[in-house]
There are 2 protein chains.
Amino acid sequence: MERNTQKQISEIRSFNRYYTNILGLLDQHILESGLSLAEARVLFEASKAGCTPKLLAEALRVNAGYISRIIKGLEAAGWLERKPFNEDGRVQLLSLTKAGKEKLAALEQSSNEQIASLIEPLPEVQRAELTRSMTAIRTLLTGGKEIRPEEVTLRTEQEPGDIGILTQMHGWIYQEEYGYNVCFEAYVAQSFFEYMQNAEPEKSRIWCAEHNGRTVGCIGIVGRGEWAQLRWFLLDPLYRGIGLGRRLLDAALTFARETGFHKIYLETTDDLKDAVRMYEKAGFRKCAEKPNHSWREDLTELEFEMEL
Amino acid sequence: MERNTQKQISEIRSFNRYYTNILGLLDQHILESGLSLAEARVLFEASKAGCTPKLLAEALRVNAGYISRIIKGLEAAGWLERKPFNEDGRVQLLSLTKAGKEKLAALEQSSNEQIASLIEPLPEVQRAELTRSMTAIRTLLTGGKEIRPEEVTLRTEQEPGDIGILTQMHGWIYQEEYGYNVCFEAYVAQSFFEYMQNAEPEKSRIWCAEHNGRTVGCIGIVGRGEWAQLRWFLLDPLYRGIGLGRRLLDAALTFARETGFHKIYLETTDDLKDAVRMYEKAGFRKCAEKPNHSWREDLTELEFEMEL
DNA sequence: ATAATATGATTGACAAAGGCAACTAATTTT
DNA sequence: AAAATTAGTTGCCTTTGTCAATCATATTAT
């Protein structure tokens, strides 16, 4: 095992030990509410539609017998009720009673207050980094499978670090996915550099897709006289297939139209299959094709254009 | 409560729920080793020097009676032994036996393997982001109190995102700590921009202080003919007071000397008390002073210089 | 259609986890 | 020297949670 991996493992384990304590501390206030941890979790899960004992046992990873008893207890306390499930007589649907909802609301309230006091001493930048880091961990460990597209927002580039982050993102994604060499990274850095220096602000724009403060995608329009150039269309691999590329492309094309451009072009390479498909679907047509070996062997540069 | 805070709280709670599950899953392999979770933690804690039952009870946050029983069990199994503590007859010192160390080593080994398989599917960039995020969370929540200085490394700036991150860092720290307006951010961005464009590579350099991949400080030398200019000396507030500023300053001054400069100067403002103290301690002398209101009211710009 | 099998939920019996309070022995305070 | 405090132990107890048997309903195979 590499040295580097060893260090990462040790940091992860150290984090796990640390966070076990944090979670333990945070859980204490639940016990003060008179509910056990498991009961609180059941109450929480049962607030979702279509909750059944089976699902609970899976979600909480405890055995069904225990769940059955917890349900019985919560039912006796008047917080939970069960209804038969029409489509399957074995199954029972669980739901919170009015009192149960109130109990849960009180619990949520105190949880919220507790977290609020946890982050209270932190300045806003640090809070933002905290939650961004949490989102990152969750997204990375789930392989992006739990991303809710509505949580990803588009904003136009404006913060000073944006360019750096976008450059970095181009660098690693193209390296990781297509094996481009470091010249590509330099080329991208140069292109952003040129944008910052020369672009006419009212005819050029960059959008960042952001997931809880984490930059996960981008696209840009650069005015070139008559023509608009579409550039920097890129998505973090974990954020593909959820309609985000479409949203970015729409934002860019809408801006280009509203700014008054009648023609738009873009340059890409033939190995960006997904992007090319999206360009074509959006109405772009290929107009030129030439080999370009500066970033990798066997690369063909493509040019697309479209009337707006 | 602000809208923004509410969203952050909800992200934190959502992360906590998620990570509770992760930790639960990761803990399972311990149970397979025949030890209970608490026993495994005791074994781990007892591997540190000076472990006592009292400390264990505090570290694990369980009551002393339970700890006493666990110790008895581990002692019976031949993994743990207790020795009287000379300075206080009530206290007993705990330590692992040879067999206990082996047991712990086996446990650690399987923990490591488990984490290794957790990150195995991730490309290196994502692993780096994962551990960086964990370090960030831990550092932010502990208010920096657990930073081990030897974990912070210096490297010279080279990655494409560096400039962006450094710009961002200048922006938020000066805003947060000294209330500088957005013009300052622009000024810094401009200064890095100029560096990238014009600096003579063999006479100029930027260093980043990095904590598990997280950029937490920087300093730079820019060659200006005869003179070296010291620039961008900055530390994340959480990373002050651990000798890191000294390390950065040393690195920069050593480079300036070795590069052959005989004179060095820097510009700063009078409200950066800590930095000014460090400059003076390093041998810099104030040589000019003039008001500068472009970043905030009541600001005095200072110039320092030194013979190398 | 019927028998065999699988699944969801419940229950009794039991084991493990862990708190509480009373106790001993050493130490510190008054 | 007596009183109070602290570290650790132990008996007694509750809570947490597992396992296997059981029942009722569904599904699959014959």
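Predicted model: local features only at pLDDT ≥ 70, side-chain atom pairs only at ≥ 80, totals over all residues.
A residue is near a strand if its C-beta atom, placed from the backbone, lies within 6 Å of it.

**The surfaces near the DNA**

By that rule, 21 residues surround DNA strand C. H4(A) gives the most, with six residues.

DNA strand D has 21 residues around it as well. Here A:Ser36, A:Gly65, A:Gly89, B:Lys54 and B:Gly65 come nearest. The elements that give two or more residues to the surface near DNA strand D are helix H4 (64-76) of chain A, helix H3 (53-60) of chain B and helix H4 (64-76) of chain B. The most comes from H4(B), with six residues.

The table sorts the residues of each surface by class.

| Surface | Nonpolar | Polar | Charged |
|---|---|---|---|
| near DNA strand C | seven nonpolar residues | eight polar residues | six charged residues |
| near DNA strand D | seven nonpolar residues | eight polar residues | six charged residues |

**How the two chains are related**

What takes chain B onto chain A? A rotation of 180° with 0.0 Å of shift along its axis superposes chain B on chain A, with an RMSD of 0.2 Å. That is the relation of a two-fold axis. In chain B, the C-alpha nearest the axis belongs to B:Gly164, 1.8 Å from it. The same surface serves both copies, since 100% of the contact residues of chain B recur in chain A.

**The contact between the chains**

In the contact between the protein chains, 53 residues of chain B meet 53 residues of chain A. Several helices of chain B give two or more residues to the side that touches chain A: helix H1 (3-32), H5, helix H6 (124-141), helix H7 (162-178) and helix H8 (182-198). The largest share of that side, 15 residues, comes from H1(B). By class, the side of chain B that touches chain A has 26 nonpolar, 17 polar and 10 charged residues.

**Chain A as a whole**

Chain A contains 10 helices and nine strands. It is divided into domain 1 (33-120) and domain 2 (151-307). The centres of domain 1 of chain A and domain 2 of chain A, taken over C-alpha atoms, are separated by 46 Å.

How does the radius of gyration of chain A stand against that of a compact globule, and what are the two values? A compact globule of 308 residues would have a radius near 19 Å, but chain A has 26 Å. Along its principal axes, the C-alpha trace of chain A spans about 75 × 50 × 40 Å.

Buried residues make up 33% of the 308 residues in chain A. Among the contacts in chain A with a separation of 6 or more, 58% are between residues 24 or more positions apart.

Is B:Asn212 buried or exposed? B:Asn212 has 22 other C-beta atoms within 10 Å, and a residue with 20 or more counts as buried. B:Asn212 is therefore buried. This residue is in the loop between strand E4 (205-211) and strand E5 (214-224) of chain B. Phi of B:Asn212 is near 45°, a positive value in a residue other than glycine.

A:Asp298 also has a positive phi, near 55°, and is likewise a residue other than glycine. Its place is in the loop between strand E8 (285-291) and strand E9 (300-307) of chain A. With 9 other C-beta atoms within 10 Å, A:Asp298 is exposed, because the limit for an exposed residue is 12 or fewer.

B:Glu102 lies in a helix, namely helix H5 (residues 98-119) of chain B. B:Glu102 has 12 other C-beta atoms within 10 Å and is exposed. From C-alpha to C-alpha, B:Glu102 and B:Pro123 are 33 Å apart in space, and they are 21 residues apart in sequence.

Notes: Residues numbered from 1 in each chain as written. Chains lettered and ligands numbered in written order. Least-squares fit on C-alpha atoms with pLDDT ≥ 70 in both. Contact = placed C-beta atoms within 7 Å. Helix = DSSP H or I, 4+ residues; strand = E, 2+ residues; numbered from the N terminus. Nonpolar A, V, L, I, M, F, W, Y, C, P; charged D, E, K, R; others polar. Domains from an automatic or database assignment. Rg over C-alpha atoms; globule rule 2.2 N^0.38 Å.
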